[in-house]
Structures are given as C-alpha cells and as structure tokens.
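Hi,

Here is the model I promised to pass on.

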Amino acid sequence: MYETIGIWVGALFTLAIYSFLYKENPIYRLAEHLVVGISAGYGMAITYQITVKPRLIDPLLSGDHWILLIPGILGLLYITRFIPRISWLSRYPIGFYMGTAMGVGFPLTMKANVLRQVEGAMVPLYQSGMPWYEVLGNSVMILGTLAALIYFFFSKPHKGLFFGTGSKIGIWVIMLGFGATFGFTVMGRISLLIGRIQYLLGDWLHVID
Amino acid sequence: MSAVNIWEKMLNIDRRWIFLGIAVVSIVPFFINFGMPVVTTTEVEDIFYYMDDLGPDNAIFVSFDFAPGTQAENMPMAVAVMRHAFHNNVPVFMTANWPLHHGMMLAAMEYVFNPSTVGFYQEVPFDDWRELREADVTAKGELVEAWENQGNQLSEGALGWVFEGRDYAAMGYAPVFNLVILGMTVSIETQYPVDAHGNSTGEMPMLQEHKSLREVDMALTSSGSGACVWWVTYAREKIGLPIAFGLTAVMATDYYPYLQAGQVIGQMGGLRGAAEYEVLLAENGITPSTDKAFTGMDVQSAAHIFIILLIIMGNLAFFAGGFHKKTLLKGGR
C-alpha cells in the first residue's frame, strides 16, 4: 500500500517537473520547492538518526564517553551564527575543521592530484618493441599537455613558433576535450531521462519489464 | 514562401518540438527492441576481472556517493558490482558520503534483495542468524548448510543467501566522509561502531576478518560528484587501496587522468559503463540476464541518432540559408 502510494507520488512529481519543458507553471514550482525542502528535511533526519543520536547522544546518556562533550559543544557553537551578539564563537569550530582538513588533506591531495598526475605524464615517447599506436598515443598526450599548458601561460605574448603555434595547438587540444565532455554530457542527460522513463513505464504503469 | 524562410523557420523551430521528438525516440525503443550491441571496453573489463579474482577471503567497499539526481546512471553500477561480489561470496561494506546518498544505499539493497527483481539474493538480517553466530558457525559454506538445516529454504529464482554481517554490512552515512576514509585506514569499527540498522559492527564476522581498509581489496565509488577523489586521496595514496570509479557520464572525461596515471584500476562511465558491466556479468553466467542499464542503451542510441540528425539539419539550414554571411537571425541569434 505504502509502496504504491510512493510510486504514484514519484510519478506525479516526475511529470510535474517535466511540465516545465512545455512552459513554466505553478505545478512545476510546487514540485521544485518540495524537492529542496524534502531533501533538506531528509538530510536532517538521517543525520540525527544515524549520526547525532548513536554517536553522541546515546553514548553521553549511557554515562560513559564524557570526552564526547568536547566535539558536542564545539558542534553546538556553529549554531551561535544565528545570535549576532555571540556569533563570533562559531569561528572556533570552523577554524578547527579547516585546520584539521588542511593539515590532513594537503599532503595527500598534493600527492594524488599533482605529483601522481605529473608522474603519469612522464611516459617514454619511444622504446624498442613499443607498438606504433603507443608511440603515437604517448606523443599526442605529451605534446597535447604541453600545448594546453602553453595556452595558459600569459606572461609572454602568444606569438612566434613556440608560444604562437603552441597556444594554437593548445586551443585545439582544449576544444577536443570540450567536445568529448559535451558528448558525455549528452549521454548523461539522456541517461537520466531513460531512468525516469523506466520508472514511469515500468514501476508506475507496468507496461515494460 | 521563399527558400530562405524555410531555412530560417528550421533554425527558429520551437524547442518544444525537439523535446517531444526526444520523448518519442526515448519511449519507442522500450517497445521495439533494436538489440544494439554493447561492446565492452578495457577500463570496465579491468574492474570486472579484478573483481572476478576475489573470493571469500577478500572484501570490498561499495561507496554510494550519489544522490537521486544521478540514480539512473550510478545505481546500476553499484548494483552490478554488488551482485558480482555476492556471486563470488566477497563481503561487501556499503558506505555513503552524504545523508541523501544513504537513501541510495538502502534503495540498492532493496533492489538486489527484492524477490521481484530477476536474479535477486535472499537476505538474512543480522539478528536472524544470531544463534549460528554464537555457535561460531560463520564460514559461508557451513553457514548456508546450517541455515538450511534449520528448515530455511531459498525462494524460487533467488541466486543465493546473503547474511548481514557475513556477506554485507550496510555502514551508511558518516559525516566528514573524507576523514572517515582516513580513519578507516586504521580501524573500520572506530568509524562505524554501529551500522545503518543499529547492529554492533564489532560483532560482525566480516569486520573481525577485515578490521581496516588495509585488509580490504578494493573500493568502488559510484559517484555523482568530485567526492570520488577522496577515495584516491585518502585510501589509494595513503595505503595503496585499489580504487574503481563508477562515474556519471558528465564526469567521465575529467577523471580519465586518474586512470591514465594508474591511480584507479578501472572506470565505468555513465549508463554505458554500467551496461558493459551488466553484459560481462551475463556473459560469464553471474546473472541470468542483463538489467536496466543494458535495456537503456537502445534508447540511448536512438536519442543520439536523433540529436545527430538535428545537428546536421541545423548546420544545413544555417549554411544553405546563407546565414553564415549575415549577422543576426530573426530570433536574435
């Protein structure tokens, strides 16, 4: 019974959102606002139910784990943002979180997103026994990376053989990247439509498996 | 009506006709099966064959890092890998990096364990097999035998039993998930003292055998946001945990560099990536048939052909109408 109601609600709200494609209307607006409100409410409920209660309130009420008072109070200080006179107190949890995240994240982020990527670009252009397509692929990758970097080098005018031609090739490389991204984006958007159609025709109307 | 007007009309066509066209080409293939082939790619095969080599002594994480907005793309990937793991008796830890993503984890479980799903797995909740656990019957083979000896029968169409705490653990959402990943490199139980159902994770056999991410063999992040990189940053770079990406199509090109640099073992990109995994599962007899992602690929192809035709027609009208020589169309373009 509840499942059926849920499916009907889901289907009707899907149609309400798609009604925007015809033109903006109050039904669409209602659905849009409900999405935002329900998402926020659901997030709060889940956070309380599986985080705040079992990880903070229950252990504190059991009489052990008094150490949890420290993060508990620190977390509550966030709420002082709503009281102008003591809103400065919210800077403590923000500072604590930012400091921790930076300290923990910086070395690993540098390694994952910079050093490993640089390492990944250091490939041989040619080695004996290397198939021709790998030679070609590595050459395109290295030259393409260099050309794109030249395009973003603004301390010299983009003129001459190195900076002029390099930046022109860089634009082509970047455009090829945009083209691939656009193709994937079209695929992604159609995939989302497919998901909704499967829901409407399958779960709701039962006309497909 | 002059020829120029026809071209101009084509270029100024009401976009609602295009939406209608897309709707038609997206619905028709569900009723008329074209049977377009899905060819598997290396980046998906690499995940499949890596997974296929794992067994009961291994364990994986499936991280639900997506919201309902990208469910159509991300859900089939996570479901496919879960089925593969259950088939090979590989324990699966399920996590979520955001409250909304927690719901996606629960939805995936509901789908895989639902008797109306073709090729479902029959779940046994944690409390239901407490007696056997207390009698120290926790190895999968023995456990299934003892469970069936108690008079429990596998439902028709079910591919096997999955025991909560032995075959899967629904860990769910935990806040500041990047630091949770980092914490799990030391101890999973510390980060998740209880699972999403309120069960004590310390009592779970799979937690006793795999205490930290160092004792886990792979993490798949089925992701609709940049949070997938957290797994690379905090698990791959910290302890060398093999990571597999399941990404939305929009994200796919941005994350190929991680594949090229060898930081991830493979990548499923969008619905197509999920469809490829479903094809590999079906071809290898792991699932009785392909599932929703594969079904969607006929629609995908039809929609792409329609969009390509529109682009060709648009360009034809633009050049044939001589608009490349003019500054503005009537519509202001």
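The centres of domain 1 and domain 2 of chain B, taken over C-alpha atoms, lie 43 Å apart. Domain 1 covers 1-32 + 299-333 and domain 2 covers 33-290, with bounds from an automatic or database domain assignment. This is a predicted model, where local features need pLDDT of at least 70, side-chain atom pairs count only at pLDDT 80 or more, and totals for chains, interfaces and linings use all residues. Residues are numbered from 1 along each chain as its sequence is written, chains are lettered from A and ligands numbered from 1 in the order written, and side-chain values use heavy atoms, without hydrogens and water.

Between them, the two domains of chain B bury about 390 Å², 68% of it on carbon and sulfur atoms (accessible area, 1.4 Å probe, lost on being put together and summed over both parts). On the domain 1 side, Ile32(B), Gln300(B) and Ser301(B) lose the most area to domain 2, together 71% of what that side buries.

Now the two chains. Chain B and chain A bury about 4200 Å² between them, 69% of it on carbon and sulfur atoms. In contact (heavy atoms within 4.5 Å) are 54 residues of chain B and 46 residues of chain A. The count of salt bridges there is 1 (a side-chain nitrogen of Lys or Arg within 4 Å of a carboxyl oxygen of Asp or Glu): Arg116(A) pairs with Glu237(B) at 2.8 Å, N to O. Between the domains of chain B, the rule finds 0 salt bridges.

Cheers
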